[in-house]
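Subject: A structure for you to look at

Hi,

Here is the structure I promised to pass on. Please open it beside this email, and then read on for what was found in it.

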Amino acid sequence: MIADPTLAVLTYSGLALLSAGFGAIPVALRQRLPPSWLGWANAVAAGLMLGVAYILMAAGLPRTPAIGATGAVLGIGFLYWTHGVAGTQELDLDRLGDPAPDYGYQLLLVNTLHAAPEGIAIGVAMTLSPWLGGFMALAIAVHNVPEAAVLAAVLKSRGLTLIQAAGAATATRVSQVLFAVTTFAVVAAAPGLAPWALGVAVGALLYLVMAELLPHCYRQAGHTSIALVAILAMGMVVLLAAGAP
Ligand SMILES: [Zn+2]
C-alpha cells in the first residue's frame, strides 16, 4: 500500500496505462485479427466499464441523486460536444485496413477522449476509499488490454509496425492518468464536488459503452455472444467488488 494518496493514484493509473501494452500480444500472435475477435475484445472492455459504472453508482450516487444525475448529463454532454466538434460522432473504431488518411488520427483522438472519464472514475473512487480506488484502477487496467489490442490491430493494419501501433495505443491512456490525478486532487481539496465527479464518470462511461463500443461489437460477432461476454465481464467486476473490506 502506498502511504501518500496522490502518489497512489499516480502509481495505480500509471500501471493501468502500462497494462495497455499487453494489448500488443494478440496483435503480435496473428497477422490479422479476425473481426469477431475485435468485437469480443471490445465487449469485454464494455462489460468491465459497465461494472465500474455500476460500482460508482452504488457507492456514491444514492446520497445525492440529483447532483449525480446532473453530473451524468454533463459527462454525456461533454463527450457528445467534443465528438461533434471533432467530427467523430459516428466513427467506427475497428475498420481493419481502412487507408483513409485522417482515420488514424481520429482513432487516437477518440481513444484519448474515451480514456478521460475512466481516469475520473479512478480518481473519484480513490477519494471514497483507497481500496475502491485501487480496485477501480485494476478493473480499468484489465479493460485497457482489449481496448488497446483493438486499436493496435487497426493501426497495424494501416501499415504501422507492431511497436508503433502498441505504443500509440498505450499513449492514448495518458489522459486516464491526467484525469485520475487531477480528479483526485480537486475532489480531495473540495469534497463537495465528489457527487459531481461520480455523476460525470458514470454518465460518460455508460454513454461510451452504449454509443461507442457496443454498436460496433454487435456488427462484428453477433448479438448473443457480445451481450453474454459483456454481461459476464460486468458481473465479474461487480462480484469481485462485493468482497470489499
Ligand atoms: Zn474504455
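The mean pLDDT of the protein chain is 92, and 100% of its residues reach 70 or more; pLDDT is the predictor's confidence in each residue, on a scale from 0 to 100. This is a predicted model, in which local features need pLDDT of at least 70 and side-chain atom pairs count only at pLDDT 80 or more, while totals for chains, interfaces and linings use all residues. Residues are numbered from 1 along each chain as its sequence is written. Confidence is highest in helix α8 (residues 174-189), with a mean of 97, and lowest in helix α2 (residues 24-29), with a mean of 91.

Now for the overall build. The protein chain has 10 helices and 0 strands, where helices (H or I, at least four residues) and strands (E, at least two) are DSSP runs numbered from the N terminus. A compact globule of 245 residues would have a radius of gyration near 18 Å, and the 17 Å of the protein chain agrees with that. This radius is taken over C-alpha atoms, and the globule rule is 2.2 Å times the number of residues to the power 0.38. Along the principal axes, the C-alpha atoms fill a box of roughly 50 × 35 × 35 Å.

Of the 245 residues, 49% count as buried. Buried means that 20 or more other C-beta atoms lie within 10 Å of the residue's own, exposed means 12 or fewer, and partly exposed is in between, with C-beta atoms placed from the backbone.

Helix α1 (residues 5-19) and helix α5 (residues 103-128) pack at an angle of about 150 degrees, with their axes 10 Å apart. Here axes are lines fitted to C-alpha atoms, for helices over the stretch in contact, and angles run from 0 to 180 degrees between N-to-C directions. Pro5, Ala8, Val9, Tyr12 and Ser13 in α1 meet Gly119, Ile122, Gly123 and Met126 in α5; a contact means C-beta atoms, placed from the backbone, within 7 Å.

Finally, which helix holds Pro26? Pro26 sits in helix α2, and it counts as partly exposed because it has 18 C-beta neighbours inside 10 Å. Leaving out residues up to four places away in sequence, Pro26 touches Leu33 and Ala149. Pro26 and Ala41 are 15 residues apart in sequence and 10 Å apart in space, C-alpha to C-alpha.

Enjoy exploring!

Note on methods:
Contact = placed C-beta atoms within 7 Å.
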